Amino acid sequence: MFFHKQELQYKATPAKPDAVYARKLQEVLGGQYGEITVALQYNFQAWNTHIPGKYRDLLFGIAAEEMGHVEMLATMIAQLLEKAPLGITDDAVQSDPAIAAVVGGTDMQQAIVAGAGARAVDSMGNPWQGSYITASGNLLADFTANANAEMQGRLQVARLYHMTDDHGVRDMLSFLLARDTMHQNQWIAAARELQESKMELLPVPSNFPQKKEATEVSYQYLNFSDGKAASEGSWASGPTPDGNGEFSYHEGPTTSAPMPPPTHVDSRFYGTTELPNTLEKIAGTVQDKLNRE
């Protein structure tokens, strides 16, 4: 059950309108690592969690906070668009607002479609999509994905911070940066706690019998590049993070297999084969008449 409280978690008021910057902010609202993504990602992970308790409560709690961040950004974008000039000052394009909007870098659909408001799109106008969400049901995999999402999101907000001198916008971004700092740390801590309690371990999924994989190549670093420096990394020698083996370094693959012959699909797919065209046509006709593959 959801309730809406008509106040913001933190103030979101720009010093002045700026339609171009409003478009830039769309990235951290509706982009792949934007607030819409993390809000719904954490909700779906909570809905897909199979155990009650602290991890499920953590997901629900942060999901609700992130929905509040969606609202903060949407509110900020709407205010940046309020009374913002649609064009730029060059007389050559000012007479045509549509051309002026394109040249000036504004998003015309924020005006035409959303009536000077935020949209569920990224900074290039690409619609937000559910494929951005990771919700696997495995908490270690999901918490690790969450840490990455917060890292990518904080990286983008930090870049946006330097793209404006508006003190109101920067004030809101400084708050979001701080919350991203917390969320990065919390997901890393939660992933560590899962492993320390042995509820989940590496490699994910840890309850799949590892003896069923080709263990001879489980910890081999196979160098498929002409660069040699990778051999100097901790992933090329020494104990593995999961504690189940030792890394080894190899120049190129340690296995190979012959390439199978080309496939021959049903003639009604009309793929080009070495068979005569007439023969392919006859085969397709016969298959149709017999109503079989």
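Where is Pro 205 found? I looked this up to begin with, and Pro 205 turned out to be in the loop between H8 and E1, where helices (H or I, at least four residues) and strands (E, at least two) are DSSP runs numbered from the N terminus.

Before going on, I noted that this is a predicted model, in which local features need pLDDT of at least 70 and side-chain atom pairs count only at pLDDT 80 or more, while totals for chains, interfaces and linings use all residues. Residues are numbered from 1 along each chain as its sequence is written, and side-chain values use heavy atoms, with hydrogens and water left out.

**Backbone entries**

I found that a cis peptide bond joins Val 204 and Pro 205, with omega about -10°. I also found a cis peptide bond between Leu 202 and Pro 203, with omega about -5°, and Pro 203 is placed in the loop between helix H8 (167–196) and E1. I then turned to Ala 116, which has a positive phi of about 65° although it is not a glycine, and which lies in the loop between helix H6 (108–112) and H7.

**Sheet entries**

I looked up the sheet and found it open, with 3 strands in the order E1-E3-E2 and mixed pairing; two strands pair if DSSP finds at least two bridges between them. Its edge strands are E1 (220–223) and E2 (238–239), each of which pairs on one side only. I noted that E2 and strand E3 (residues 246–251) run antiparallel and are joined by 2 bridges, and that Gly 238 has Phe 247 in E3 as its bridge partner.

I placed Lys 228 in the loop between E1 and E2. Leaving aside its neighbours within four places in sequence, Lys 228 is in contact (heavy atoms within 4.5 Å) with Tyr 249 and Glu 251. Lys 228 and Glu 251 are 23 residues apart in sequence and 9.0 Å apart in space, C-alpha to C-alpha.

**Helix entries**

I checked helix H1 (residues 19–30) against helix H7 (residues 139–161), and their axes come within 9 Å and cross at roughly 165°; axes are lines fitted to C-alpha atoms, for helices over the stretch in contact, with angles from 0 to 180 degrees between N-to-C directions. That makes H1 roughly antiparallel to H7, a label given to angles over 145 degrees. I recorded that Tyr 21, Lys 24, Leu 25, Glu 27 and Val 28 in H1 meet Gln 156, Val 157, Leu 160 and Tyr 161 in H7.

Conventions: Parallel < 35°, antiparallel > 145°, perpendicular 65-115°, else oblique.
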